Protein chains: 2
Amino acid sequence: MNSPIASAQLEARTARERYRAGECLPTAGVAPGMAQANLLAVPREYAYDFLLFAQRNPKPCPVLDVTDPGSPRTVLAPTADLRTDLPKYRVWRDGELVDEPTDATEAWAEHPDLVAFLIGCSFTFETPLQRAGIEVRHIAEGTNVPMYRTNRQCRPSGAFHGEMVVSMRPIPSDRVAEAAMISGRYPAVHGSPVHVGDPAGLGISDLARPDFGDAVPVHDGEVPVFWACGVTPQAAVMASRLPFAITHAPGYMFVSDVSDTTYEV
Amino acid sequence: MNSPIASAQLEARTARERYRAGECLPTAGVAPGMAQANLLAVPREYAYDFLLFAQRNPKPCPVLDVTDPGSPRTVLAPTADLRTDLPKYRVWRDGELVDEPTDATEAWAEHPDLVAFLIGCSFTFETPLQRAGIEVRHIAEGTNVPMYRTNRQCRPSGAFHGEMVVSMRPIPSDRVAEAAMISGRYPAVHGSPVHVGDPAGLGISDLARPDFGDAVPVHDGEVPVFWACGVTPQAAVMASRLPFAITHAPGYMFVSDVSDTTYEV
C-alpha cells in the first residue's frame, strides 16, 4: 500500500466510508488522482433509452460503468455500495426534485430493478490542467464549478430529451489551445471544450448567474471556456419528466478506485 | 462539391448505390477518408444487452450509431438504406451462419423491430498509419486483414458473451510506438493496440492461420501488433447462440458519409 495509487485508493475507500456514515461534503479535491463520477439510476425499463441517449451524446454523458439491474455494485470500486457511498443524492419524481438525502437506500428499494449509470466527471482533467500550470478558477476560489443550461439540444433517445448543460472555466487567451488539447486527451470524461468565447453562442445570458454551482470571476485577458457537463442527465430527467430517478447532488460525486490516468488516450 | 470531403462523400454514395444494385466487392480502399463501419442488427429485445456489451468492451465494440427500432436509416449517411447498401451480409440463426446475401431486405423484414448497431472499423486509422509512412501489410498485399480469435473473454452483458477478436498488422520494431500513438488518437475506431508481440499471449497458436481474413507475412525486424476488431460482435453472436442477427460479411463494410477525421481526438 505504499504506491501513490494504492494510497489514493485507500483515501477513496476511507472517504466512501465517511459518506456512508453520514458525512455530507462536496468531493472536489478528495482522493486526488482517483476518478470521480456522476450518478444516474433509473428503472430497468428506461435503461436502454438512457444508454442510447448517452451513446448519442457522448460529450455530456460519457458512461464509465453500468450496474446490473437491482445491483448497487460497480466495477469502478468493488467495495462500494452506490446506495450509501455518495455524500448527497437527489431523488426525482416526474422530473421534479423531491428529496436530497445523504443515504439513498430507501429510495433505491422502491424499484427492485434499478440500473445505475456512472458518468465521467471533469474533475479528472482538472488535475492535468493544474499540473500544466493552468489555474482552475473554481478550485482557486474554493467553490463549486459554475454550470449552465444551454440552447443546444441533445440528440433525443426514447423517453430522454433535454438541453446540454456545460461547465465553465475562465482560461487565459494564451493557454486556451493547451487547455483544449489537455482535456481532449480525456474523451471519457467530457473531452475537449464544446464552446470557447461568447456565452451568448450557447444561449447563456449572464455568466454571473449559473444554473448550478457558483459563479467565478473572469479576469481581463481570459476567455470563458465551456465543457459538456455530467449534470446533463439531470436536465434530461427534468425535461423528460421521468417518473423516477436517483442522481448524485451536483458536486457531491461518487469517488471511485480507478485512476484518472485510465481515461487518458 | 469541389472540396476533398464532398468528393469523397460523393464516392461513398456512389459506392453504396453500386452495392444496392448488386455489386459484391470488399470495401477496403473505397471512398478514402470516409469512415467505414461494422454492422450488427438484432431484435429490439436484445438491443440493451448488446449496447451494454459494447459499453463494457469499447475497444472491440466502439459504437458509432444505433438506429431506431425498425428503421434502416443512420445519421452516418442520411441517404443510405442499411438493408441494401452493404456489398455482402451475413444472416445468423441460433449463432449459426445460415446465409450470405448481397441484399438483406428479406431477412430484415422477419423482425419489424430490428435495431442496427454501426461499429467503428480499423480502416479509419490505417489511412493515418500510411500517411506516416508505416506500411499496412494487408493493403500492400492486396488481401483482407488477418483476424484471430483470442483467449481474452469480453466482459459479458445479459445474452452476450464471447472472446475478443483481434486484427494483426506487422510493424517494424522502430515504428511500433508511433503506430500505437497514431491509432490511439482514434479511440472510436478501436484505438491503440491491445497486444504487441508474442501471439501466444493472446492464445493464438499460428499467425499463418487466421480465423477470418487472410494471412500476411511478418518480416525480420517486425513485431506482430494486435488491435481489437469489430468482428468481435459476430464472435459474440456465435458464442451466445443468439436466435437472430444480421451482420456485414468481414471486409464488406458499411461505407459512411462521415469523415475519418471526425473520430480523431
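Reply: Helix H1 (residues 4–20) of chain A has 17 residues, which at 1.5 Å a residue should span 24 Å; its end C-alpha atoms are 24 Å apart, so the two agree. The expected span is 1.5 Å times one less than the number of residues, and helices are DSSP runs (H or I, at least four residues; strands are E, at least two), numbered from the N terminus. The model is predicted: local features need pLDDT of at least 70 and side-chain atom pairs count only at pLDDT 80 or more, while totals for chains, interfaces and linings use all residues. Residues are numbered from 1 along each chain as its sequence is written, and chains are lettered from A and ligands numbered from 1 in the order in which they are written.

Me: What makes the buried residues of H1(A) line one face of the helix?

Reply: Gln9(A), Ala12(A), Arg16(A) and Tyr19(A) are the buried residues of H1(A), buried meaning 20 or more other C-beta atoms within 10 Å of the residue's own, exposed 12 or fewer, and partly exposed in between, with C-beta atoms placed from the backbone. Seen down the helix axis, they fall within an arc of 85 degrees, so they line one face; the arc is that of the directions from the axis to the C-beta atoms. On the other side, Pro4(A) and Ala6(A) are exposed.

Me: Why is the relation of chain B to chain A called that of a two-fold axis?

Reply: A rotation of 180 degrees with 0.0 Å of shift along its axis superposes chain B on chain A (RMSD 0.0 Å), by least squares on the C-alpha atoms of residues with pLDDT of at least 70 in both. That is therefore the relation of a two-fold axis.
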